[in-house]
Amino acid sequence: DTGVSQNPRHKITKRGQNVTFRCDPISEHNRLYWYRQTLGQGPEFLTYFQNEAQLEKSRLLSDRFSAERPKGSFSTLEIQRTEQGDSAMYLCASSPRYREQYFGPGTRLTVT
Amino acid sequence: EDQVTQSPEALRLQEGESSSLNCSYTVSGLRGLFWYRQDPGKGPEFLFTLYSAGEEKEKERLKATLTKKESFLHITAPKPEDSATYLCAVHAPFITQGGSEKLVFGKGTKLTVNP
């Protein structure tokens, strides 16, 4: 399967803990995006990478959030000192230039 | 600010009962309108891209159309397996990075097709 993959699929953590999610995009896509989706809402943009460069960050992305894409391949999204409001589905998408974005299955985060 | 509004929020149909979902948008210079299907607990699945008014795309029982202010997703003779949330999104350019863009989504329409 050559689609976008994300790991883990589900993560339950206690408030205050750090969590890290991984995204493996479609191999020939140089653009990678992270979105967050809460119940009953559409996905909301968090951050964007072109190759290894992080070019855009939403104001939704507080200082507790950090993302990387070393060598322009996979990407990681880390949340430090998690809060209950961080509970959501975290979606990764990739695309070639000026085209549609293809989403992974998402990581469901529950903060207790 | 770029905005996407979808209606209705939820729609229940009987199998075979055709209908349409609406997506109205406000964006400075449309660079693409996208329809996605999302099943519970999964990521959005790409369906269609529309770029200009008058454009139409079809896939099985689905047909997407575009005007200057809105898009419609027509569902002809739906089946229970068409039950899902349908999301509409537009490309919104980044202010600081010319040539790059993000997707701005509506809240979706939850479609239920009863047998």
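Where is the place of Thr47(A)? Select Thr47(A) and you land in strand S5 of chain A (strands are DSSP runs of E, at least two residues, numbered from the N terminus). You're looking at a predicted model, where local features need pLDDT of at least 70, side-chain atom pairs count only at pLDDT 80 or more, and totals for chains, interfaces and linings use all residues. Residues are numbered from 1 along each chain as its sequence is written, chains are lettered from A in the order in which they are written, and side-chain values use heavy atoms, with hydrogens and water left out.

Stay on Thr47(A): it counts as buried because its relative accessibility is 0% (buried means under 20% relative accessible area, 1.4 Å probe, protein chains only). Now show Gln54(A), whose side chain makes a polar contact of 2.7 Å with that of Thr47(A) (a pair of N or O atoms within 3.5 Å; within protein, one must be able to donate a hydrogen and the other to accept it, and residues adjacent in sequence count only if both atoms are side-chain atoms).

Next stop, the interface. Chain A and chain B each put 24 residues into the contact (heavy atoms within 4.5 Å). Pick Arg31(A) and Glu101(B): their side chains meet in a salt bridge, 3.3 Å from N to O (a side-chain nitrogen of Lys or Arg within 4 Å of a carboxyl oxygen of Asp or Glu). The count between the two chains is one salt bridge. Finally, color strand S4 (31–37), strand S5 (44–50), strand S6 (53–57), strand S9 (88–95) and strand S10 (102–103) of chain A; each supplies at least two residues of the side that touches chain B. S4(A) gives the largest share, four residues.

Methods
Buried means under 20% relative accessible area, exposed over 50%, partly exposed in between (1.4 Å probe, protein chains only).
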